[in-house]
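Here is a friendly note to read with the model open beside you. Take the points one at a time, and find each element on screen before moving on.

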Amino acid sequence: MNRCRGSPVSNPNRPIELDIAIIGGGSAGMTLARKISTLKTAVFEPRLASERDCSWALWAQPQQLEELSPAIKGSWNKWRFIDQSGEVIHQSHQYRYASLSSSQYLQHCEANLSDSVHLVRQPIDGVESDCRGGGQLKANGQTYCAKTIYDSRPPEMPDNCLRQHFFGWEISTKEPISEADIATLMDFRVDQSRGLHFIYVLPFSDSHLLVESTMISTQLEDKDWYRNAISQWLDDQNIQVQSKLREEYGVIPMTAVPSQQDGVARIGAASGAVRLSSGYAFSSIQAQMAILSKSIAAGDRQVPRPFSRSLIFMDKVFNRVLKTQPRCGVGLFMAMGATLKADAFVRFMLGHAGCIDWIQVIMAMPKWPFIKAAFAEVCSHD
Ligand SMILES: Cc1cc2nc3c(=O)[nH]c(=O)nc-3n(C[C@H](O)[C@H](O)[C@H](O)COP(=O)(O)OP(=O)(O)OC[C@H]3O[C@@H](n4cnc5c(N)ncnc54)[C@H](O)[C@@H]3O)c2cc1C
């Protein structure tokens with residue numbers, strides 16, 4: 001066992017007793033670990049934060065922005081959607097769209113763990129549940145006995161499910177770009193022949209950008225396909241690259257996680273905290289971990305559901321339309337951007353939309369594809 005920051009003394013012949021074991025020190029695991037103050041806890045995470053660096057974006061209000069400030073790389077109160085016929089720009093007075101460095105966020109959590117929480121840099125290679133939420137874990141030959149286990153390891157997902165997959169370059173540009181105060185969430189003026197495709201651009205300054213080619217489809221593409229799409233888009237915008245600073249690749253399943261019957265509680269993406277219709281998860285994981293940590297302090301260790309059943313149903317219907325009629329996708333997202341004002345759009349993305357927001361969205365959507373998809377969803381029993 002690697003000796004990490006204050007880790008318990010290991011002895012393969014004697015199990016180490018824990019109140020809480022957290023498997024996986026990613027977004028959910030480290031956020032929870034940081035909020036635990038007195039219970040004897042171990043987080044098992046084999047990889048360094050720097051090995052997992054990517055951009056995590058969210059909409060946040062000033063207080064949350066302040067809390068996340070050690071990891072924030074940029075934030076914008078304006079964002080836009082573009083297609084061949086024009087653009088929709090949102091300007092918010094309540095929220096900013098912020099991008100974090102995941103490695104800085106995780107390192108910040110690690111640096112602020114309480115003395116009772118230990119980070120073990122080993123993978124878990126076996127879990128035996130006691131069916132009361134706890135059980136035994138094995139890491140590098142050492143056994144741990146935990147009263148409660150929270151597992152955040154990514155679940156296995158079916159290959160043919162709808163996925164958001166993306167490849168991005170962080171670049172510096174030769175010339176300053178215009179409108180560097182606006183984040184481009186979706187620019188659909190790109191090849192749509194392989195599925196719903198858009199370019200996502202975060203201008204950290206007028207000469208430092210993250211540019212991603214993002215697809216929503218069931219089929220992953222070769223990495224050169226995304227690279228070519230980014231190069232083409234940069235040419236179209238007359239943006240010349242000074243240097244490529246970093247690459248980023250990700251695949252986010254947009255389908256419900258299979259339910260697990262092994263008696264171990266899941267947290268984060270493994271518990272269904274990825275919003276099915278958007279792939280965003282950071283905010284819902286933050287909210288889930290805030291509630292869970294308060295419950296733990298109050299003696300209740302049950303994991304809260306990240307989203308309501310009705311929201312999950314609506315997202316499944318939306319995804320069914322995207323999966324069966326991908327050519328509708330550009331129109332759906334553009335209509336949603338056009339119909340909702342900035343703050344209502346954010347409420348919608350955060351899963352906090354009110355009745356009026358929902359009515360506006362439903363009115364802006366084509367009715368027949370959604371009625372058919374809703375009916376198919378009800379009949380599918382997924
Ligand atoms: C590249 C990328 C970009 C994303 N961007 C955004 C974004 O901009 N906004 C947003 O809201 N969401 C985004 N997401 C989605 C979501 O926020 C992330 O998937 C988030 O990391 C999920 O957190 P998690 O803790 O559930 O899982 P993870 O962060 O994946 O953590 C799981 C951890 O388990 C560890 N692990 C695996 N096996 C073992 C084992 N045997 N033992 C111990 N540990 C193990 C892994 O190393 C990993 O660190 C992005 C996802 C990706 C992949």
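Two residues are in contact if their C-beta atoms, placed from the backbone, lie within 7 Å. Helices (H or I, at least four residues) and strands (E, at least two) are DSSP runs, numbered from the N terminus.

1. Before you start. This is a predicted model, in which local features need pLDDT of at least 70, side-chain atom pairs count only at pLDDT 80 or more, and totals for chains, interfaces and linings use all residues. Residues are numbered from 1 along each chain as its sequence is written.

2. Helix H8. Begin with helix H8 (residues 342-350), where Ala 342, Phe 345, Val 346 and Met 349 are buried. A residue is buried if 20 or more other C-beta atoms lie within 10 Å of its own, exposed if 12 or fewer, and partly exposed in between, with C-beta atoms placed from the backbone. These four residues lie on the same side of H8 because they cover an arc of only 100° around the axis; the arc is that of the directions from the helix axis to the C-beta atoms. The buried residues of H8 pack against E3, E6 and helix H7 (329-339). Just after H8 comes Gly 351, with a positive phi of about 80°.

3. The three-stranded sheet. In what order do the strands of this open sheet come? The order is E3-E7-E4, and the pairing is antiparallel; two strands pair if DSSP finds at least two bridges between them. Strand E3 (55-60) and strand E4 (72-76) stand at the edges with a single partner strand each, so one side of each has no neighbour in the sheet. The twist averages 20° from one strand to the next. Angles run from 0 to 180 degrees between N-to-C directions, and axes are lines fitted to C-alpha atoms, for helices over the stretch in contact.

4. Inside that sheet. E3 and strand E7 (residues 96-101) run antiparallel and are joined by six bridges. Ser 55 has Ser 101 in E7 as its bridge partner. Helix H3 (residues 102-111) lies across E3 and E7, at about 75° to E7.

5. A closer look at Ser 99. Is Ser 99 buried or partly exposed? Ser 99, which lies in strand E7, counts as partly exposed because it has 18 C-beta neighbours inside 10 Å. Leaving aside neighbours within four places in sequence, Ser 99 is in contact with Ser 55, Ala 57, Lys 73, Gly 74 and Leu 202.

6. The seven-stranded sheet. Another open sheet has the order E6-E5-E13-E14-E15-E12-E16, with mixed pairing. Its edge strands, E6 (86-91) and E16 (241-253), each pair on one side only. Here the twist averages 15° from one strand to the next. Strands E14 (residues 196-205) and E15 (residues 208-217) run antiparallel, with nine bridges joining them, and Phe 198 has Thr 214 in E15 as its bridge partner. Helix H4 (residues 223-236) lies across strand E12 (163-173), E14, E15 and E16, running at about 125° to E15.

7. Around the ligand. Which element supplies the largest share of the shell around the ligand? That is E3, with four residues. Helix H1 (27-35), E3, E16 and helix H5 (282-297) each supply at least two residues of the shell. The shell residues divide into 19 nonpolar, nine polar and five charged. In this count, Ala, Val, Leu, Ile, Met, Phe, Trp, Tyr, Cys and Pro are nonpolar, Asp, Glu, Lys and Arg are charged, and the others, Gly among them, are polar.
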